[in-house]
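Open the model in your viewer and keep the selection tool at hand. Each stop below tells you what to pick and what to look for.

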Amino acid sequence: SNGLRPFSRASEQKDEKHFARDLRPFGPALRAAMAGGGMGGVAMNSLLEGSGGLSGKQRQRSKEIIITSDLRTESVEIHALSEEKQIEAQLILQERHLASRPMKAYAKVCADKVIGGESVDGEGAHSHLKKKNVNMTPMMRILVEVMPIFTWLPALNFRTVRADIIAGLTVGVMVIPQSMSYGAIAGLPYINGMYSACIPTLIYAFFGQSRQLAVGPVAMVSLLVEAGLRGALSEEDCPQWYADGQSETVPQYEVCPQPYVNLACLTAFVVGGMQIIGSILKLGFLVSFLGHPVTSGFTSGAAIIIGLSQLKYILGYDIPKSQFVYETVWNILQGLDQLNPMAMLLGVVFLGYLIANKKLAQKYKRLRMMGPLGPLVSCVAGSLLLLAVPMLKEDFGIKYVGYVPDGLMPISFGNFRLGDISKVLPTAMSACLIGYMESIAIGKNLASKHGYEIDAGQEMLALGISNLIGAGFSCYPVTGSFSRSAVNNSTGALSQLSGVVTAIVMFCTLMFLTPLFYYLPKFVLAAIVLNSVIPLVALGEAKHLLRVKRHDFVLWVVAFIGTLFLGVLMGIMVAVSLSLVIVIYESVRPQITILWRIPGTTIYRNMKQESSGAFIPNVFITRIGCSMYFANAQFVKDTLMTYIQDLEDVNPTEYLVLEMTPVSSIDSTACHVIHDIVADYRARGIEIAFAMVGNRVDKTMRKAKLKSYIGEKWFFPTVNEAVQFCLRHQHAKRKCLEAEANLASGVSGIDMTMINVGFSNEIGFSNDMHSEDTMVFITLSQDVPMIMSEITASFKKAQLTIIRAQIEPLAGDGAKHTYFLRSIKTGKKLCDKEIDKIRDDLEALVKRHEDVSNPASPHISNVVTKADRDREAVGNGAENETQLDRLAALEARLAAMETDPASPKDPRVVPRAPTPWQRASRKFCCYWIP
């Protein structure tokens, strides 16, 4: 568009050997301009050759980006969908938006039925959405959506079945000792932990969407159950515990195990019911209130409590269980005189084996299967050791599991009492929240790795049904397991069949193999638990948060310390409360971002993000960071007033531009506050312009009659248009005031559409707008022939390489130059020192041309009326013709000089034969038409 005529490929190949080295600093810019005609062309093959100082790593990255080295340009056009498909896509997205808001959809259905029209939510409207199994009956379609087994079971093949059997057997072998250990953490008999690893695992395979998630008992939920049900049995349920006065030394589950089991099963029933209701009402978003730092801190604290509770089996003496870490540590120190050295030695050895086995399995692929088999190997070795050396249990007092009942799991539905729901409700809520959060996090992570998606609502439903049915078979609350899901994934699970295989392994164990666990040492189970919870103590995450954001580190520490010193349930309450406080604080105090313009552009950026911006005189531009509602509207008003008052002496505000992109909605309180802001500021002589107002906000403002009060003319699609209107309004206002001051007659106002906002000479830099390059913006109110050669020479002198160049014509005779630069020395963006140096050079260059072209004026006004443009039209035409003639003459002189050394020389040309670099630059510059 700027008349850039590219070199011929033949001539470039001919001279490439001679002047490639001299052309290096700005060769990419030339090719960029040639490839795109000065309008955003990209240097395809000169990023590597021309950048000179790029490192090998950067070259490799560039090779991945650059597809071809051919100089021929390729163009890609932006096409629109056909009208029919556009309408269909619009309907699909609107219906999906409505489906994501069930209450609004139900209200719309009711309204349509009242007025007798067709429901938007009806079958006809939903025909636009992508439907699966369209040939099925509605009932069968619902059944398939609720039970994914009807989807994955018909798709099984030999390869999938073989992989799932291997993975299911591996996880089944791993879950046997883990379930026993986690059942003990919950205060339940070992057999109840094994029940919980069988029935819920099987049920989830029918209803769950995750193909690799392993559902069953986990340490965190087990700890929540034990902490929540401690002391929950009444005197009627456990009279012996109250009669013996053992409330401070012996837990209830040791005195009255069966009533405690009934209470734990009722907890699982309530958890299942809450999860099913939550899935129907789409309440899965509630887990979003638990931020990652808070969750990590709570998990780390709970892991330490779990680990300390298992030390009694390693140290060999009874330690009263407590959910307060300081009590547990004190009890450990008090009983050190009862230490069993043999139990401690064996426990440390087995724990060391499990840790070393896990690390070797992660390091060597050939030993990968040894990782999940480690717990089973430990159980077998411990049992054989106790059988082979009877003196360990007789003389050294090594404790073992003892009798574990076999056979089918007992039905527990008849043992529930509705009056006990209030006792288990707090425990059920915490287990529901933590369990679902863990499960959905694991499931979505595994789904993304394997390229499929899971629905959060369906996952909550699957967990709810698993807990609800499992509660009837003597199971306590379950969820997805981090460690077993990782093993299931690493051993090649491809579908939910692996969960079925795991459940079958567990069922066979319950039916036939429980007598083998009679002599299983308890220190082995403790070592298995410690090996599982050690990775959960995320001290490395705390260090990372301290380095990234101290605010999140404080949240982590508060959740961590709260869990350790206030107890598990109180710790999770503190964590949730802290998360809610943060959400409310961030919402009530939205970010008010100050925007300024990057010189030489129409781009407005955050003042903190962009270091080299410029403010507009008498115009204050800001962005409101979130939706406005009753809690934060007044804060927005007060903050804006504070900023304007602070700038009173430096840059008095006459116009306030509010960029409303992040504001997705406003309520009635915010409408009142906006009305007050506009009325108050207008009384102070300050006008308010709104830019980029969203559709929802626009509708609300129209209903509240705010737009009519403010005026339609003060709403704009972009910040730049709002600023230009403010400048026109300011110019017109000042003209009117001057006319009134001079007592001019017949002045009825100025038509602002007749005022043009022009551009002055500006130079701007940005290191933030591009990930790898420094962007330089040069705006010229009056373009100058040959100036690009001087600009590129300045870049070459400063040891900078041009990666890309763009030239855009502006209104009148102006032009905007955009350059993407890197330092030849570092191959990276420009440092502050380099920016300052090249800025001084460019400013001197532009100032010199400005003085030559307009010696009478120190600067060019940025507001020009139409009458001024009309008066200059004739002169501009003549000047353009003269300019073209001058360029043609210069081109002829350069061509003659290159072909005939004896031809007359221009006094401005160095009297010697031109170098290849000079020939290339002159060809480029001569064909550039402003």
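## Stop 1: a pair of helices

Select residues 199–207 for helix 11 and residues 497–513 for helix 25. Their axes come within 8 Å and cross at roughly 160°. Axes here are lines fitted to C-alpha atoms, for helices over the stretch in contact, and angles run from 0 to 180 degrees between N-to-C directions.

The model is predicted: local features need pLDDT of at least 70, side-chain atom pairs count only at pLDDT 80 or more, and totals for chains, interfaces and linings use all residues. Residues are numbered from 1 along each chain as its sequence is written, and side-chain values use heavy atoms, with hydrogens and water left out.

Which way does helix 11 pass helix 25? The crossing is left-handed, meaning that the near helix is turned anticlockwise from the far one by less than a right angle (clockwise would be right-handed).

Now show the side chains at this crossing. Helix 11 brings Thr201, Leu202 and Ala205 to the contact, and helix 25 brings Gly499, Val500, Thr502 and Ala503. Contact means heavy atoms within 4.5 Å.

## Stop 2: Leu545

Select Leu545, in helix 27 (residues 539–548). Is Leu545 buried or exposed? Leu545 counts as buried because its relative accessibility is 7%. Buried means under 20% relative accessible area, exposed over 50%, and partly exposed in between (1.4 Å probe, protein chains only).

Leu545 and Pro293 are 252 residues apart in sequence, yet 7.9 Å apart in space, C-alpha to C-alpha. Leaving aside neighbours within four places in sequence, Leu545 touches Pro293, Arg550, Asp552, Phe553 and Trp556.

## Stop 3: Thr299

Move to helix 16 (residues 292–309) and pick Thr299. Thr299 is buried too, at a relative accessible area of 16%. Which residues is Thr299 in contact with, beyond its neighbours within four places in sequence? They are Met220 and Leu536.

## Stop 4: the whole chain

Zoom out. The protein chain has 38 helices and 14 strands. Both are DSSP runs, numbered from the N terminus: helices are H or I with at least four residues, strands E with at least two. Of the chain's 930 residues, 47% count as buried. Take contacts between residues at least 6 apart in sequence: 77% join residues at least 24 apart.
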